[in-house]
Amino acid sequence: MNTLLEEMTKEQALFTYLLRRGDDNLILSQRLGEWCGHGPQLEEDIALTNRALDLIGQARNYLQYAGEVEGKGRSEDDLAFLRPERHFVNTKLVEQPNGDYAHTIVRSFLYDAWHLLLQEALTKSTDERIASIAGKAVKEVRYHLHATREWVIRFGDGTEESHKKMQESLTEMWQWTGEFFEVDQVERMMAEAGIGCNPESLKDAWNSKINQVLEIDTLQRPAD
């Protein structure tokens with residue numbers, strides 16, 4: 001593995017970087033899609049499905065570009081449906097089971113807060129294709145964060161039972177958030193080329209967004 005990393009070209013790093021961006025959205029969209037027809041109320045059922053469709057669109061854009069960079073004739077559909085399980089490179093948070101509605105909301109909220117910061121940073125990418133994809137995604141992701149933030153506050157500052165469920169969900173999901181800010185050779189190469197951003201540079205802003213909400217809904221921030 002170390003030898004492969006040492007020999008990684010810029011094109012290989014870009015391909016992996018695009019897969020990560022696409023896979024995160026693809027897998028979370030599938031999880032949210034599982035709620036279709038099972039939401040707690042009709043309006044939210046539709047809202048969850050719409051957010052899943054937004055993520056599918058973003059995944060298609062990144063995976064289509066990844067296929068072009070790879071140069072092996074694979075389309076976004078090939079990359080989405082014909083890769084073995086172990087070839088997916090999404091963050092572990094997005095693949096966690098839905099659980100109850102509190103789990104689903106907390107998972108999306110933690111991801112949305114990071115996802116918005118990342119897409120905002122990528123609008124400044126030196127890769128015009130990535131900057132364009134991110135520019136379109138920012139508007140959607142901003143709405144996603146607004147929606148999940150409001151539900152976290154509503155449940156966290158609601159009844160004793162809803163507060164308890166949110167705290168349990170936050171504690172369980174928190175363990176996966178550290179991966180957002182890990183830096184490996186792919187992330188480093190993309191940041192140095194101006195194509196991506198250093199994941200560590202997003203951590204303070206992410207913490208600030210999360211802490212602001214936790215102060216309102218009186219949920220306790222888990223230990224890192």
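How many helices and strands does the secondary structure of this chain come to? Nine helices and zero strands. Hi everyone, and please keep in mind that what we are looking at is a predicted model.

If you read along the sequence, the pattern is α-α-α-α-α-α-α-α-α. The radius of gyration of the chain is 18 Å, close to the 17 Å that the globule rule gives for 224 residues, so the chain is as compact as a globular protein of that length. Taken along the principal axes, the C-alpha atoms fill a box of roughly 55 × 35 × 30 Å.

Now let's look at one pair of helices. Two packed helices are described by the angle between their axes and the distance between the axes. For helix 2 and helix 8, which covers residues 185–192, the axes come within 9 Å and cross at roughly 105°. That makes helix 2 roughly perpendicular to helix 8. Which residues meet there? From helix 2 we have Lys10, Ala13, Leu14, Thr16, Tyr17, Arg20 and Arg21, and from helix 8 Val186, Glu187, Met189 and Met190. By class, this contact has six nonpolar, one polar and four charged residues.

Helix 2 comes back in my last topic, the largest pocket. The volume of this pocket is about 620 Å³. Its lining has 25 residues, and Val89, Asn90, Thr91, Lys92 and Glu179 lie nearest the centre. Helix 2 (10–33) and helix 5 (101–122) each supply at least two residues of the lining. The largest share, six residues, comes from helix 2. And what is the lining like by class? There are eleven nonpolar, two polar and twelve charged residues.

Technical notes:
Residues are numbered from 1 along each chain as its sequence is written. This is a predicted model: local features need pLDDT of at least 70, side-chain atom pairs count only at pLDDT 80 or more; totals for chains, interfaces and linings use all residues. Side-chain values use heavy atoms; hydrogens and water are left out. On a 1 Å grid over the protein atoms alone, a cavity is a set of points where a 1.4 Å probe fits but cannot get out, and a pocket is an open set with protein on both sides within 12 Å along at least five of seven lines; lining residues have an atom within 4 Å of a point. Grid points are joined across faces, edges and corners, and a volume is the space filled by probe spheres set on the points. Helices (H or I, at least four residues) and strands (E, at least two) are DSSP runs, numbered from the N terminus. Ala, Val, Leu, Ile, Met, Phe, Trp, Tyr, Cys and Pro count as nonpolar, Asp, Glu, Lys and Arg as charged, and the others, Gly among them, as polar. Axes are lines fitted to C-alpha atoms, for helices over the stretch in contact, and angles run from 0 to 180 degrees between N-to-C directions. Angles under 35 degrees count as roughly parallel, over 145 as roughly antiparallel, 65 to 115 as roughly perpendicular and the rest as oblique. Contact means heavy atoms within 4.5 Å. The radius of gyration is taken over C-alpha atoms; the globule rule is 2.2 Å times the number of residues to the power 0.38.
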